[in-house]
Amino acid sequence: MDRKVKRYFMGRPGRDGAGVNLIRTFGNSEIPDFDPFLMMDFFDSKDPEDYIKGFPWHPHRGIETVTYLIHGEIEHGDSLGNKGVIRDGDCQWMTAGSGILHQEMPKAQPQMLGVQVWLNLAKKDKMTDPKYRDITSEMVPVYEEESFKIHIVAGTYGDVTGPMEAIETKPSFFDVELKANSEFLYEIDPDFNSYAFLVRGEAVFDNDKGGLISYPNGVLFDNGDTIRVTTKDKPARFLLLSGKKLNEPVAWGGPIVMNTKEELQLAFQELNQGTFIKKK
């Protein structure tokens, strides 16, 4: 059964970090609709003044952050001593776990186009050891047919599997390029949540309703075992994410997401006391 659109969503302009202009497509006001996904910020600018102030050192606990660039360059570093650069087609998948400090500093480029997604961690994994995984564009496999191309960061399409895996949430992260007058089908676990977000072009995500939507807009899918996306006169490029629902309580305080208010209070107390970082 094809999945229908549960609701459409449109990003709202926002500012974060030291003054980065972005579009927050969904966030804490949508809990638990997107479970296990918590938030997605969309970056789309040709003006470096929108983003070069970046995201200086800040903490995270209890989540995974996924930064995926279609175009751009971001230098990053963390409290474990990791550092590197994310460029066109690269992804940084960070498991904050028990606690990490990191920074992300975009560099001036002709275009900054990408997203950062927050993926929740299960209660039993909230305090796991933090780790970084830098995925270069060469590590991201591509599944290609005549009418579409999929850059697979996580999950499987056909016989192609992406480099990332999360045991509890089992996420898929696809960057799909769909030609004009074409159709894309994806068979999905009917119990998984899924959403799509257009980063370019326009597409139909619910063939019963038949309406074209254009970027930057997204859809949260309802239940079903097949996602069907079609295009008309223009091509589309969209991100398609899916994952297993955690169905756990969420206590959210800025960059920290736990299960209870008491756990949040402890995290901020440890930040103040200098005991937040458990693994050095």
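Here come some questions and answers about the labels used for this structure.

Q: What kind of model is this, and how are its residues numbered?
A: This is a predicted model, where local features need pLDDT of at least 70, side-chain atom pairs count only at pLDDT 80 or more, and totals for chains, interfaces and linings use all residues. Residues are numbered from 1 along each chain as its sequence is written, and side-chain values use heavy atoms, with hydrogens and water left out.

Q: Why is Met127 called partly exposed?
A: Its relative accessible area is 42%. Buried means under 20%, exposed means over 50%, and partly exposed is what lies in between (1.4 Å probe, protein chains only). With 42%, Met127 therefore counts as partly exposed.

Q: Where is Met127 found, and what is it in contact with?
A: Met127 is in the loop between strand S11 (112-120) and strand S12 (131-135). Strands here are DSSP runs (E, at least two residues), numbered from the N terminus. Leaving aside neighbours within four places in sequence, Met127 is in contact with Arg61, Gly97, Ser98, Met258 and Lys278; contact means heavy atoms within 4.5 Å. The C-alpha atoms of Met127 and Ile63 are separated by 9.6 Å, and these two residues are 64 residues apart along the chain.

Q: What makes Ser194 count as buried?
A: Ser194 has 1% relative accessibility, so the residue falls under the buried limit. Ser194 is found in strand S19 (residues 192-203). Not counting residues up to four places away in sequence, Ser194 touches Arg3, Ile188, Leu220, Phe221, Ile227, Leu240, Leu241 and Ser242.

Q: Why does Glu73 count as buried?
A: At 19% relative accessibility, Glu73 is under the limit, so the label is buried. Glu73 lies in the loop between strand S6 (63-71) and S7. Among the residues that Glu73 touches, beyond those up to four places away in sequence, are Val85, Ile86, Met105 and Met112.

Q: How do you know that S7 and S8 pair?
A: Two strands pair if DSSP finds at least two bridges between them. Strand S7 (residues 74-78) and strand S8 (residues 83-86) have four bridges, in the antiparallel sense, so they pair. Glu75, for one, has Val85 in S8 as its bridge partner. S7 and S8 form a hairpin with four residues between them, and Gly81 in the turn has a positive phi of about 95°.

Q: Why do S2 and S12 stand at the edges of their sheet?
A: The open sheet has seven strands in the order S2-S3-S4-S11-S6-S9-S12, with antiparallel pairing. Strand S2 (12-16) and S12 each have a single partner strand, so one side of each is left without a neighbour in the sheet.

Q: What makes a pocket here, and what lines the largest pocket?
A: On a 1 Å grid over the protein atoms alone, a pocket is an open set of points with protein on both sides within 12 Å along at least five of seven lines, and a cavity is a set where a 1.4 Å probe fits but cannot get out; lining residues have an atom within 4 Å of a point. The largest pocket has a volume of about 330 Å³, where volume means the space filled by probe spheres set on the points, with grid points joined across faces, edges and corners. Of the 18 residues that line the largest pocket, the closest to its centre are Asp16, Arg24, Met39, His60 and Trp118.

Q: Which residues line the largest cavity, and how do they divide by class?
A: About 90 Å³ of space lies in the largest cavity. Among its lining residues are Val20, Phe43, Thr67, Glu104 and Gln116. By class, the lining has seven nonpolar, two polar and one charged residues. Ala, Val, Leu, Ile, Met, Phe, Trp, Tyr, Cys and Pro count as nonpolar, Asp, Glu, Lys and Arg as charged, and the others, Gly among them, as polar.
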